[in-house]
Amino acid sequence: MTVTTPPAQVAAAPRRPAARRPNRMRAWATRAPLLPALIFMIVVTQLPFVATLVISFFDWNSLYPDDRRFAGFANYSEVLSTPELRKSVGTTILLTATVVLVSLVLGLILALLLDRKFRGRAAVRTMLIAPFLLVPIAAALLWKHVLFNPEYGLFNGILHWIGGDGAAQPDWISEMPLIAVEASLIWQWTPFMTLILLAGLQSRDPQLIEAARVDGASDRQVFVHMTLPHIRRYIELSVLLGSIYIVQNFDAVYTITSGGLGTANLPYTIYQTFYQAHENGLASAAGVIVVIGSIVLATFALRVVSSLFRAEVSH
C-alpha cells in the first residue's frame with residue numbers, strides 16, 4: 001500500500017522559503033536605519049573600552065614608552081592592594097552611599113509636597129529641576145566660591161549677619177572637605193530623585209486612596225501601607241540610577257577639593273594616575289574596575305525598569 005501526497009501539499013511545500021524572504025527583508029529594512037547609530041556607538045564606546053582593557057594588562061608608563069611589558073593581572077592586584085587606591089575605593093563607596101541616601105530622603109519629601117495641589121506648583125517644579133540641569137562643573141564652582149568661600153561666601157555671610165563681628169567664620173572646605181563635596185552633589189541630585197518619585201506618586205490610583213480615607217485610614221497609614229509599597233520600584237530605580245552616575249563623579253571632587261583632604265574617589269584617582277603619574281596600565285585597570293561596577297549597577301537598574309513596564313502593562 002502506497003501513500004501519495006496530495007497535490008495541494010506538494011505545491012505548497014516549495015513556497016515556504018519564498019514566504020519567509022519578504023519577512024526577512026522587511027525586518028532588515030526596519031533595522032537598517034538603526035545601523036549607523038549602532039556602528040557609531042560601537043566605535044565611540046566599545047573600541048576604546050577594548051583598548052583600555054588591553055592596556056590594563058601591561059606595565060606601561062608613558063614616560064618610558066619603549067619599556068613596556070605584559071603584566072597580567074598585576075595592575076588589578078595593585079589597584080586592590082595599594083593603600084591610596086584602596087582608600088579611594090572606600091571614599092567612592094562612602095561618597096556614593098551618602099549622596100544617594102540623603103538625596104533619596106529629600107527627594108521623597110519634596111515629591112510628597114509637590115504631589116499636593118497648590119497655587120504656583122508648576123513654577124515650583126521648574127525651579128526645583130534647575131539644579132539638575134546645571135553643568136556639573138558649574139554647580140561645583142557655585143558651591144566652592146558663592147557658598148563655601150570663607151571670605152565672601154554666603155554661608156559665612158549668614159553667620160556674620162546672625163552673630164555679628166564675633167561670629168565664627170569657618171573654612172568649610174578645609175574643615176569638612178568630604179561633607180562639602182557631598183553637599184554639592186546632594187543639591188544637584190535631589191531633583192533627579194524627586195522627579196522619579198513624583199512620577200511614581202502620580203501613577204497611584206486616586207480612587208483607592210480616597211476609599212482608604214473613607215474607611216478611616218490616617219495619612220500615616222496610607223503612606224506606610226499604600227504609598228510606599230506602590231513606589232518601591234521607583235525608589236529602587238532612583239537608587240540604582242543615582243549610584244551609577246555618582247560613582248563616576250569627577251567634577252565635584254576635582255573642582256572643590258582637587259582630590260585633597262581625603263576626598264579623592266576612584267575616578268579622580270584614575271585621572272591622577274594617568275595624567276600625573278603617567279601609569280597607563282594601572283589607570284586602565286582602575287577604569288575597568290569602575291566600568292564593571294557600573295555595569296553591575298546598570299544591570300539591576302534595567303531589571304527594575306523592566307519590572308516597572310511589566311507592572312504598568314498588567315494594570
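**Helix packing and core**

Author: α5 and α13 pack at an angle of about 140°, with their axes 10 Å apart. It's a predicted model, where local features need pLDDT of at least 70, side-chain atom pairs count only at pLDDT 80 or more, and totals for chains, interfaces and linings use all residues. Residues are numbered from 1 along each chain as its sequence is written, and side-chain values use heavy atoms, with hydrogens and water left out.

Reader: OK, and which residues in α5 meet α13?

Author: T96, V99, V100 and L104 in α5 meet I235, S238, V239, G242, S243 and I246 in α13. Contact here is heavy atoms within 4.5 Å. By class, six are nonpolar, four polar and none charged.

Reader: What about α5 and α15, how do their axes cross?

Author: At roughly 150°, and the two axes come within 8 Å. On the α5 side you've got L85, S88, V89 and T92, which meet L266, P267, T269 and T273 in α15. That contact splits into four nonpolar, four polar and no charged residues.

Reader: Switching topic: in the largest nonpolar core, which residues touch the most other members?

Author: L95, V181 and L185, out of 34 residues. Such a core is a set of buried (under 20% relative accessible area, 1.4 Å probe, protein chains only) Ala, Val, Leu, Ile, Met, Phe, Trp, Tyr and Cys residues joined through side-chain atoms within 4.5 Å. The largest share, twelve residues, comes from α10.

Reader: And what does L185 touch?

Author: Leaving out residues up to four places away in sequence, L185 touches L95, V99, I246, N249 and A252.

Definitions and conventions:
Buried < 20%, exposed > 50% of the residue type's maximum accessible area, 1.4 Å probe, protein only. Helix = DSSP H or I, 4+ residues; strand = E, 2+ residues; numbered from the N terminus. Axes fitted to C-alpha atoms, helices over the stretch in contact; angles between N-to-C directions. Nonpolar A, V, L, I, M, F, W, Y, C, P; charged D, E, K, R; others polar.
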